[in-house]
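Biologist: Could you take me through this structure? I have not seen it before, and I would like to start with a single contact.

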Amino acid sequence: MSTGTLTVAPTDAGTARRPGEVIELSAEWSLATPPRTLEARLFWFTRGKGTQDVNVVETQPVASLESSGKRRVRFKLPEAPYSFSGRLISLIWAVELVADDGASARWEFTLSPDGKEILLDRRMASAPRAR
Amino acid sequence: MAQNVSISSGPRATVGGRVFLGFFFGLFLLLGGAFEYSFFLKPLARIVSARDWPSTTCEIISSSVHESRGDDGSTYRVNVTYRYDVDGRAYVGDRYKFITASSSGYGGKAAIVAALRPGTRTPCYVNPANPADAVIERGFTADMWFALIPMVFVIVGAVGLYFMIFGRGRSMSLSSAPNVTLSSYSKAAARAMPTLLSPKQSRGAKLVLLTVIALVWNGTVAFFLFQVVSAARRASFMWLTTLFLIPFVLVGLFVIVLAFHQALMLSNPKPNVTVSKPNVPPGDELEVTWSIDGRIDMLRRFSIDLEGREEATYRRGTTTTTDREVFATIGVVEQITPAIRGGGSARVTIPATTMHSFEAPNNKVVWVIRARGEIPNWPDSDDEFLLTVVPHR
């Protein structure tokens, strides 16, 4: 892995994002050796007790053979799955900037209708049953 | 630098584990198959062909019970030589029956030898295509049943390989990862029509599964148990083997009890559940209609709940385990005898801020309609019907 820095961050503040929204990010890198490929990946992954699941939703090339630079990347967010967290599983959305030698930077965000992570770690109140 | 697991260094497929399992199940299949061929199928083929062999008279030259000593006790077989004539030419044979392996049980072999003393004349059967090929007992003998026991290994190997190749639990590569988008949900949600839900797993399928497990497990254990009992009858009790077998026997008995329990459940009243739409977003109302087939008078209590739960699958060594955690229980109906009716309907609202159904290879959020029947002095029923909660549109 080459030495240097990679950063990826949204152009507007905040991590709350909604389905269908377009996000714009600033990708910046300064590496000792120019990467053959540098790409941004929109993906989600699970964290928790289960074996990890990962799904890359979209990949965009950022640069090639440039040891440093700054670019803007845009992704249209899908409708699902929402970010959630339970006692066993959490689902996290992120954009990662990855160089071909493995160097990477990540920005995590939440995707849901109100921009908040859905919490499953409490028992929902039971509605009265019909009799 | 990114924290935690990067997708560029995400989970690797457990190739080593799959190779090990493949080798393990393949070995079961190969050894079990080889044993079955040698000790069951090949003798069986000869028994069938010998049905047409002509009979002649053989004179016994010698007979004895041959003992083979092993660590777990002795096994025995009949040793016999006899002479017979075909077309004026004399032949000597030494085959008593087509299955040649030794087995436990001295008494039966001794009785055969007692009936075949030197000088005794007895019928034997000669292969017309090869007069040097003869046999005294050409039929199916009881010890051939024991040669069927290794069929358990064949079944375990074949079923294991099948599920390893075609079943779930395949590790996910990034390129094959599920792409959860709304397109499929939206199309499904558009079909907002009453739908009769199918049970997640039928009672009959559960019974078949438990029966197969009980047969495979107990068949294997019985093979070893038979050796212990045979040794005990010869006054050479195998203490260590017996102690080792006890937990396996107990597990086998437990599986039999489970299968029996499941068999009893087949006669339980069977709920049918219809929902106003098969795919419902959070915050929407759902009408649940139910009817009960069978003897409603058996029920002491009947309830239907809408249940949301997480299911996380992980591997520990060679074992795959799924943990479940319920995060939502929404009551639909609860009736207690004598107010239990054969059917009805009720409306429930899916919580507005809950998680939609989500399915990845190892992690799931599942919504089910769960119908439970409490029956005095009888196994209770518990049936699940899968419901899809879709993301907001």
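Modeller: Please note that this is a predicted model. In it, the side chains of B:Lys277 and B:Asp284 are joined by a polar contact of 3.2 Å.

Biologist: Where is B:Lys277 found?

Modeller: B:Lys277 lies in the loop between E7 and strand E8 (279-280) of chain B.

Biologist: Is B:Lys277 buried or exposed?

Modeller: B:Lys277 counts as buried, because its relative accessibility is 19% and the cut-off for buried is under 20%.

Biologist: Turning to E7, which strands form the open sheet with it?

Modeller: The open sheet has 4 strands in chain B, in the order E6-E7-E9-E12, with antiparallel pairing. Strand E6 (195-196) and strand E12 (343-349) of chain B are at the edges; each has a single partner strand, so one side of each lacks a neighbour in the sheet.

Biologist: How many bridges pair E6(B) with strand E7?

Modeller: E6(B) pairs with strand E7 (residues 270-275) of chain B over 2 bridges, in the antiparallel sense. Within this pair, B:Thr195 is opposite B:Val275 of E7(B).

Biologist: Which residues line the largest cavity?

Modeller: Its lining includes B:Pro269, B:Pro271, B:Ile292, B:Phe302 and B:Arg372. Strand E14 (residues 363-374) of chain B gives the largest share of that lining, 3 residues.

Biologist: And how do the lining residues divide by type?

Modeller: The lining of the largest cavity has 6 nonpolar, 2 polar and 1 charged.

Key. Residues are numbered from 1 along each chain as its sequence is written. Chains are lettered from A and ligands numbered from 1 in the order in which they are written. This is a predicted model: local features need pLDDT of at least 70, side-chain atom pairs count only at pLDDT 80 or more; totals for chains, interfaces and linings use all residues. Side-chain values use heavy atoms; hydrogens and water are left out. Two strands pair if DSSP finds at least two bridges between them. On a 1 Å grid over the protein atoms alone, a cavity is a set of points where a 1.4 Å probe fits but cannot get out, and a pocket is an open set with protein on both sides within 12 Å along at least five of seven lines; lining residues have an atom within 4 Å of a point. Ala, Val, Leu, Ile, Met, Phe, Trp, Tyr, Cys and Pro count as nonpolar, Asp, Glu, Lys and Arg as charged, and the others, Gly among them, as polar. Buried means under 20% relative accessible area, exposed over 50%, partly exposed in between (1.4 Å probe, protein chains only). A polar contact is a pair of N or O atoms within 3.5 Å; within protein, one must be able to donate a hydrogen and the other to accept it, and residues adjacent in sequence count only if both atoms are side-chain atoms.
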